[in-house]
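Keep the sequence and the coordinates open side by side.

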Amino acid sequence: IDSSLIRPFAEGLAENEAYLTELATINRARIKVMSSTQGLFEGVYPFPGQDSFYNVRVAEIPGFRGYPWVQQTQAAGVNTMKLVFDHVEKRSIPKHLATPVRRLITDADGVVAGALVEKSGQRFAIGARKAVILACGGFEQSTWLQKQYLQGLPFYSMAPLTHTGDGILMAQKVGAALWHMWHVHGSYGFKLPEFPIAFRHPFGGSRNPKRIMPWIVVDKFGYRYMDEYHPAAQDTNHRPMELLDPNIPGYPRIPSFLVFDEAGRKRGPIAHPLAIGGHVYDWSKDNSREIKKGWILQASTLKELAKRVKDLPENDCLMEAEALEATVAGWNDIARIGKDPFRRAPGTMSPIQEPPFYAIPTWPIITNTQGGPVHNVRQQVLDPFDEPIPHLFSAGELGSFFSHLYELGGNLGECLSSGRVAGRNAAAEVSV
């Protein structure tokens with residue numbers, strides 16, 4: 001990130017508390033500040049100055065209990081959307097649902113002058129009075145863009161099926177440069193036959209170094225290869241899975257297999273469906289329903305479990321019983337000693353020794369992508385020569401500020417801060 005962008009970005013985040021507090025007057029939303037001293041960031045990226053971070057959230061809105069299409073009734077993010085929607089309604093801001101934008105419209109000089117949209121099978125143009133702001137998210141559900149920019153294949157996403165990178169393609173069409181296209185905010189989880197979206201494992205937020213994670217992750221051969229519980233559990237755990245082995249050739253860690261025992265089964269659900277886009281599923285508290293469905297493999301011995309994994313249909317797994325048995329025995333020694341060569345926190349470890357034993361195919365999961373068109377400090381979209389494309393702005397995760405690591409809560413913070421900057425500067429443009 002160019003240094004000229006860093007301070008304005010930080011200043012924008014610092015303004016979010018006052019901004020949310022002002023917005024909250026519309027529906028008496030309760031704004032809550034979580035400081036670093038409350039343990040919110042314990043265990044996350046220990047860079048100098050991390051103690052200055054704090055989290056501002058829309059904790060509660062009287063009378064609001066969530067949306068039926070999102071399986072998180074009291075999530076701060078859902079409350080934030082409700083706060084935004086209430087302002088859209090109060091201000092009578094025109095909105096067009098089921099109206100995808102297909103192309104940006106430019107004049108002969110390359111100035112962005114509007115957008116071509118589609119509704120009920122008909123296409124028509126909407127002219128811009130001042131500018132166009134692209135705020136249409138990432139490419140979480142675009143197989144094509146994933147193949148071009150991500151190393152590991154396949155990835156699956158928990159995002160709505162509509163997140164297909166339309167804004168990226170439209171920006172490219174009018175000359176935008178791209179950045180951070182490789183950067184995925186994600187982890188590992190499960191792609192199940194009955195659902196078009198993926199489910200991720202339930203350990204979210206910052207790592208709790210005292211919370212037991214009852215499983216290990218092994219590759220197709222049955223060997224453990226990573227710390228399963230990274231500092232930000234839903235940010236970087238997909239990265240070790242993306243290894244391409246030219247000797248196979250292929251991806252020995254895609255899919256991997258999450259392995260646990262009976263004690264781990266009873267600790268709680270191994271997946272966290274978010275039901276984004278209306279795909280609701282209630283994962284059983286002890287994983288028993290998913291075992292009956294056949295999603296989770298069960299075996300009385302590790303030898304039998306390895307065979308069940310190896311016999312999965314359409315699977316190139318080469319797992320041998322001896323390898324899995326040795327891996328689990330080694331893990332149990334690590335859990336007993338509390339010292340892991342992959343640096344997993346000791347308080348998160350537990351042995352895998354109580355039969356029956358379980359395994360489930362585990363894939364790289366995308367929560368959201370960070371890549372998209374390059375922007376400057378004014379949120380203007382830039383071409384490959386760092387020149388602004390006239391009257392075109394972007395906001396949010398479409399070309400996010402985050403280039404290598406994602407700071408927890410940062411995408412929501414960036415949506416608010418970059419949206420304000422883009423809106424103010426777009427409104428200040430001379431009419432198209």
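In which sense do β16 and β17 pair, and over how many bridges? The two strands run antiparallel, and two bridges join them. Bear in mind that this is a predicted model. Strand β17 covers residues 388–394. Its residue P388 stands opposite L382.

Now widen the view to the whole sheet. Three strands make up this open sheet, in the order β6-β17-β16. Its pairing is mixed. The edges are β6 (132–134) and β16 (380–382), each of which pairs on one side only. On average, neighbouring strands here are turned by 55° against each other, direction ignored. A helix goes with this sheet: α10, residues 410–427, lies across β6 and β17. Its direction makes an angle of about 140° with β17.

N376 sits in the loop between β15 (372–373) and β16. Is N376 buried or exposed? Its relative accessibility is 16%, so N376 counts as buried; the cut-off for buried is under 20%. Which residues does N376 touch, once neighbours within four places in sequence are set aside? They are L5, L382 and P388. Two of these names have come up already: L382 and P388 stand opposite each other. A residue further off in the chain gives a sense of scale. M170 is 206 residues from N376 in sequence, and the two C-alpha atoms are 18 Å apart in space.

Turn next to a second sheet. It is open too, with three strands in the order β3-β4-β5. Here the pairing is antiparallel. β3 and β5 are the edge strands, each pairing on one side only. Neighbouring strands are turned by 25° against each other on average, again with direction ignored. 

Take the strand pairs in turn. Five bridges join β3 to β4. Within this pair, R103 stands opposite L116 of β4. The two strands form a hairpin with five residues between them. In that turn, G110 has a positive phi of about 85°. The pairing of β4 with β5 rests on six bridges. V117 has F124 in β5 as its bridge partner. These strands form a hairpin as well, with two residues between them.

The turn of that hairpin brings up backbone geometry. Most residues other than glycine have a negative phi, and most peptide bonds are trans. S120 belongs to the loop between β4 (112–119) and β5 (122–127). With 72% relative accessibility, S120 counts as exposed.

A98 is another case. Its phi is positive, about 50°, and A98 is not a glycine either. The residue is found between α3 (76–90) and β3 (101–106), in the loop. Its relative accessible area is 70%, so A98 is exposed; exposed means over 50%.

Where do cis peptide bonds occur? One joins L153 and P154, with omega about -5°. P154 is in the loop that links α4 (143–149) to β7 (156–157). Another joins P355 and P356, and its omega is about 0°. P356 lies in the loop between α9 (321–337) and β14.

Strand β14 leads on to the last stop, a pocket. The strand spans residues 357–369. It supplies three residues to the lining of the second largest pocket, the largest share of that lining. What is the volume of this pocket? It is about 450 Å³. The lining has 17 residues in total. Nearest the centre lie K191, P193, L312, P361 and W363. By class, 13 lining residues are nonpolar, two are polar and two are charged.

The mixed sheet has the order β6-β17-β16, and α10 lies across two of its strands, β6 and β17. The antiparallel sheet has the order β3-β4-β5. S120 sits in the hairpin of β4 and β5.

Key:
Residues are numbered from 1 along each chain as its sequence is written. This is a predicted model: local features need pLDDT of at least 70, side-chain atom pairs count only at pLDDT 80 or more; totals for chains, interfaces and linings use all residues. Side-chain values use heavy atoms; hydrogens and water are left out. On a 1 Å grid over the protein atoms alone, a cavity is a set of points where a 1.4 Å probe fits but cannot get out, and a pocket is an open set with protein on both sides within 12 Å along at least five of seven lines; lining residues have an atom within 4 Å of a point. Grid points are joined across faces, edges and corners, and a volume is the space filled by probe spheres set on the points. Helices (H or I, at least four residues) and strands (E, at least two) are DSSP runs, numbered from the N terminus. Ala, Val, Leu, Ile, Met, Phe, Trp, Tyr, Cys and Pro count as nonpolar, Asp, Glu, Lys and Arg as charged, and the others, Gly among them, as polar. Buried means under 20% relative accessible area, exposed over 50%, partly exposed in between (1.4 Å probe, protein chains only). Two strands pair if DSSP finds at least two bridges between them. Axes are lines fitted to C-alpha atoms, for helices over the stretch in contact, and angles run from 0 to 180 degrees between N-to-C directions. Contact means heavy atoms within 4.5 Å.
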